Amino acid sequence: MFMDWWPDLAYVPNLYRPRVEREFKRLYQRSQLAFVSSPQMQTELGSHPNAHLLYDGAAKLPPFPRKRPSAASRFRLVYVGNMSDVYADPIRQLFERLVDDSTIELQLIGAKPDWPDDILRRAKEAGVYQGTLSDEDVAAQLANADALLVVMTHDSVHARRMRTSFPSKIGLYCQAAVPLVVWAPAYSSAALWARSSQSALLVEEPDVDSLISAITWLAKSPNERIRLGQRAAECARSTFAPDHVQAVFRNSLMRIVARPDAQS
């Protein structure tokens, strides 16, 4: 399973990265069966006689009915996931721009952000940073959001990582049947999915003001919010359905096992 571009993530000196990359690609070519996390991952790895696209199938969330009033005073934007590493700065910039905003309410859920202590303390005091929550609480947050945010860094240093890795939170988000907002560079896997499926509001510009402008427009566009929520629900029932992902995985394995040369 090739879900991330491991050579760019390995804790090895730069001198050894070309060797790690050669071995990574060699493993792919020698595999009887390969699963890739995105079309761009397969392009980067090259042709293979038995490679299959397998999106990360998120575990099914417990059901949680929407309780948030449709005419709530502020538009609630929820982000669940990593707020460290390459995601620390863009999420921090968004928090600093929205912490005192009267129209958009930001909610952040996940492990402790890699932020300065004073900014993290302010996020907690403002009720923006919620920490790590149970599955039931995450389901409640997603169901009662007005939009769900996906972020991929625009830093060109990490371009290949953004092209090849697919955010697993997309499959999770779609279960809530709430509009998705993808803030990502045009070449990223998330942007490609958003464009090809027409299932998310895509913001390709790297500046946080462009993102906020897009969210503000979405808040004033009820028909588009309904359409995007419906598209998310359709994706949850098809592309990202846990049963579908499991079936692709299992059936591909069983076909390999049944081949006459399976033991070679």
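Reader: What makes the contact between Arg26 and Glu23 a salt bridge?

Author: In this predicted model, the closest N and O atoms of Arg26 and Glu23 are 3.9 Å apart. A salt bridge requires a side-chain nitrogen of Lys or Arg within 4 Å of a carboxyl oxygen of Asp or Glu, so the pair of Arg26 and Glu23, at 3.9 Å, qualifies. The two residues are three apart in helix H2 and are thus separated by about one helical turn.

Reader: Why are Arg26 and Glu23 called partly exposed?

Author: The relative accessible area of Arg26 is 45%, and that of Glu23 is 41%. Buried means under 20% and exposed means over 50%, with partly exposed in between; therefore Arg26 and Glu23 both take the intermediate term.

Reader: How do you know that Asp85 and Arg161 meet in a salt bridge?

Author: Their side chains have an N to O distance of 2.8 Å, which is within the 4 Å cut-off. Asp85 lies in the loop between E3 and H4, whereas Arg161 lies in helix H7, so the pair ties together parts that are 76 residues apart in sequence.

Reader: What makes Arg231 and Glu234 a salt bridge, and where do they lie?

Author: The closest N and O atoms of Arg231 and Glu234 are 2.3 Å apart, within the limit of 4 Å. Both residues lie in helix H11, three residues apart, or about one turn of the helix. Arg231 is partly exposed at 22% relative accessibility, as is Glu234 at 33%.

Reader: How many salt bridges does the rule give, and which residues are linked in a network?

Author: The count comes to 16 salt bridges. A network of salt bridges links Asp8, Glu21, Lys25, Glu44, Arg160 and Arg163.

Reader: Why is the pair of Phe2 and Tyr28 called edge-to-face?

Author: The structure holds 10 aromatic pairs. In the pair of Phe2 and Tyr28, the planes are at 90° and the centres are 5.4 Å apart. Phe2 is in the segment before H1 and Tyr28 is in helix H2, 26 residues apart, and the pair links distant parts of the chain. Phe2 is buried, with a relative accessible area of 4%, and Tyr28 is buried at 0%.

Reader: What makes the pair of Phe166 and Phe240 stacked?

Author: The angle between the planes of Phe166 and Phe240 is 20°, and the distance is 6.1 Å centre to centre. Planes under 30 degrees apart count as stacked, and therefore the 20° of Phe166 and Phe240 gives that term. Phe166 lies in the loop between helix H7 and helix H8, and Phe240 in the loop between helix H11 and helix H12, so the pair ties together parts that are 74 residues apart in sequence. Both residues are buried.

Reader: Which residues do ring pairs link into a cluster?

Author: The cluster consists of Phe2, Trp5, Phe24 and Tyr28.

Reader: How do you know that Cys174 is in no disulfide?

Author: The structure holds zero disulfides. For Cys174, the nearest cysteine sulfur is that of Cys235, 4.9 Å away. A disulfide needs sulfur atoms within 2.5 Å, so the 4.9 Å between Cys235 and Cys174 is too far for a bond. Cys174 counts as buried at 1% relative accessibility, and Cys235 counts as buried at 4%.

Reader: Why is Gln141 called buried, and which residues does it touch?

Author: Gln141 has 14% relative accessibility, and a value under 20% means buried. Gln141 is found in helix H6. Not counting residues up to four places away in sequence, Gln141 touches Val78, Gln107, Ile109, Gln130 and Leu133.

Conventions: Residues numbered from 1 in each chain as written. Predicted model: local features only at pLDDT ≥ 70, side-chain atom pairs only at ≥ 80, totals over all residues. Heavy atoms only, no water. Buried < 20%, exposed > 50% of the residue type's maximum accessible area, 1.4 Å probe, protein only. Helix = DSSP H or I, 4+ residues; strand = E, 2+ residues; numbered from the N terminus. Contact = heavy atoms within 4.5 Å. Phe/Tyr/Trp six-rings, centres within 6.5 Å; stacked < 30°, edge-to-face > 60°.
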